[in-house]
Amino acid sequence: MTVRGPVERCFGIIDVFGIIIVNGKNMRPFRSAVCSVIALTVLLGACGTNTTSGKGDASGTSPNRQSIISYSETEPENPLIPGDTTEVGGIGVLGALFKGLVEYDAKTAAPRNAVAESIQTTDAKVYTIKLKSGWTFHDGTPVTAKSFVDAWNYTAYSPNGMQGANYFSHVEGFGQVNNATPDGGQPDALPPAKELSGLKVVDDSTFVVTLSAPFSTFATQLGYAAFFPLPASFFADRKAYEAHPVGNGPFQFVSYTEGKSLLVKRYDGFAGEKAHVDGIDFRFYANLDDAYADVLANKLDYLSFTPWSSTVNSKIKTDLPDSRRASYTYLGHQAIAFPLYDGRFADVRLRQAISMAIDRVDLIRKVFNGARTPADGIVAPNVQGYVGNQCGELCTYQPEKARKLFEESGFQGPVVLTSNVDSANQQWMEVTCESIQRTLGRECRFEPVPTLGEFRRKLDDGTIGAIYRSAWVADYPSIENFLNPLFRTGGSSNVGQYSNPAVDALLTRADGAPSEREGEKLYQEAERLVLRDMPTIPIWYQSATAAWSARLHNVVPTQFRELDLQSVTVS
């Protein structure tokens, strides 16, 4: 969800993934950016121009402009509430503003404790979490066990309408606080409870989480944004928080200018490893080629993925020296997916036919100069639990079988693909359409959506009636994260509304397995079943080339397609 919900979170991408903050009379809540998601404590991104407007930080001071990094990112979809952010633009900004119980290593994605002193369990069902001392929010108030418990209860309570509510479905009592329907609808009756019975505050530095069943991946997922704490001021005045978000991370909010940029400055009271730079100027570019041109001209400091045009004839190698670029893989995939709430796409033969009508190898050669790996499943290769060739021939070019299945499906009318075009998706989507049309002998056309924010809103509203671009960038490094949010009935990023009781049953068994290794085998079985249903068509595994200005040093792209803000320096 890249759609990060499935459209960059990211989509992930998971390129699936936006926000709107009311920050004065000229402001309104951030816009959406589809994915997935996205998505961790060391992530950041931004795009746009080097000027920002809007209210400054509460102290009236701004960071030193000379050591602010300008960073291209998609604009967030919603106000910067951790539990309501599931797309990559919002997750990136939250990664600067917040720090969770757990964080993920920039190079390996391995989880390690951050705000948590310890996370202990003997049965994978009851977890005792102790916090480190000295952590504060940007308003100076302490981060306590209650900061986490209150935030989690608020997110899980369905009348609050938080997109990340289902991340708490494993916690005991979830069914009592969340009665939303699988399609996200809200019944007229309120849930019988407002607080999860599985959350108990012991003291200021300790709380206990009781799950409804063993879930061995629980500790790993605690670095994801939905599990971040919230200050007491949020609950006292949510609107004021939305206008000026308050986190506990390495940077604090300064200002936001809709459609242009969002500025944060270093928080000197941060209890973790402090950043070397004074601030981040997240910029929202409408065109990735413009962002690339600004990097070449040293007008933009960091671009996490360069446009396809830079790969033509290896152009980037002459544009930039090795010291200003790096190719890397990250935890995600790029795909297209079906809005299964639209009955025209109900026949599995149609979905399988379209998958086999796509010549992935030719597409990657034409658009990316061969610099991508065709996807053979929905779990990224560098994730523990990955198994190769889960998709079999369904993810290979099979023109004769594709035509036969397509004709049997009886699909009427043209095939229509759609995507946001503010993150370099138009070219490859058009080439995909050409392959489908050439193979199936049916008109295929591409309908662009200008921004990820608008695209994500259409997905969330269920108003997209075409095959849509979908992608996933992992929230946390686990095979489970590539399945439960995207393919479980009512999953937090299941925007296409796929549902298969057999898949749900396998995921439930995998979640409750006595060990992560035993759970992996069940998740792998669920992946194979999902791929036979083909609600999402994997196209390639995520990789990118990052580019940066001459003044940046110690640049480390993370496994979550972001810049490690703790290590980067400015000359």
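Mentor: What follows is a series of questions about a predicted model, each answered by setting a value against a definition.

Trainee: Let us begin with M429. What makes M429 count as buried or exposed?

Mentor: The relative accessible area of M429 is 0%, and buried means under 20%, so M429 is buried. The residue is found in helix α12, which spans residues 426–440.

Trainee: Which residues is M429 in contact with, leaving aside its neighbours within four places in sequence?

Mentor: With those neighbours set aside, M429 is in contact with I336, L417, T418, S419, F446 and R469, where contact means heavy atoms within 4.5 Å.

Trainee: Why do R112 and E103 fall into separate accessibility classes?

Mentor: R112 has 37% relative accessibility and is therefore partly exposed, since that class lies between the limits of 20% and 50%. E103, at 14%, is under the 20% limit and therefore counts as buried.

Trainee: What makes R266 and D268 a salt bridge, and which accessibility class does each residue have?

Mentor: Their side chains meet at 3.3 Å, N to O, which is within the 4 Å limit. R266 has a relative accessible area of 22% and is therefore partly exposed, whereas D268, at 54%, is over the 50% limit and so counts as exposed.

Trainee: How many residues apart are D319 and K315 in helix α8, and what does that spacing amount to?

Mentor: They are four residues apart in helix α8 (residues 315–319), which means that about one helical turn separates them. D319 forms a salt bridge with K315, with the closest N and O atoms 2.7 Å apart. Both residues count as partly exposed, because D319 has 26% relative accessibility and K315 has 37%.

Trainee: Turning to strands, how do you know that β10 and β11 pair?

Mentor: Two strands pair if DSSP finds at least two bridges between them, and six bridges join β10 to β11 (residues 261–266), with the two strands running antiparallel. Strand β10 (residues 251–257) is mostly covered, with seven of its seven residues buried. The hairpin formed by β10 and β11 has three residues between the strands, and G259 there takes a positive phi near 80°.

Trainee: What makes β6 and β8 the edge strands of their sheet?

Mentor: The open sheet has four strands in the order β6-β7-β9-β8, with antiparallel pairing. β6 (116–120) and β8 (199–203) are its edge strands because each pairs on one side only. On average, neighbouring strands of this sheet are turned by 20° against each other, direction ignored. The partner of β8 is β9 (residues 206–210), joined to it by four antiparallel bridges, and K200 stands opposite V208 in β9.

Trainee: Why are helices α15 and α16 called roughly antiparallel?

Mentor: Helix α15 (residues 501–511) and helix α16 (residues 516–533) pack at an angle of about 165°, with their axes 8 Å apart. Angles over 145 degrees count as roughly antiparallel, and α15 and α16 are therefore given that label. Their crossing is left-handed. The contact includes L506 and L507 of α15, along with L522 and Y523 of α16.

Trainee: What is the handedness of the crossing between α10 and α12?

Mentor: α10 passes α12 in a right-handed crossing. The axes of helix α10 (residues 360–368) and α12 come within 10 Å and cross at roughly 145°. Among the residues that meet are D362 and L363 in α10, and Q427 and W428 in α12.

How values were computed: Residues are numbered from 1 along each chain as its sequence is written. This is a predicted model: local features need pLDDT of at least 70, side-chain atom pairs count only at pLDDT 80 or more; totals for chains, interfaces and linings use all residues. Side-chain values use heavy atoms; hydrogens and water are left out. Buried means under 20% relative accessible area, exposed over 50%, partly exposed in between (1.4 Å probe, protein chains only). Axes are lines fitted to C-alpha atoms, for helices over the stretch in contact, and angles run from 0 to 180 degrees between N-to-C directions. Angles under 35 degrees count as roughly parallel, over 145 as roughly antiparallel, 65 to 115 as roughly perpendicular and the rest as oblique. A crossing is left-handed if the near helix is turned anticlockwise from the far one by less than a right angle, and right-handed if clockwise.
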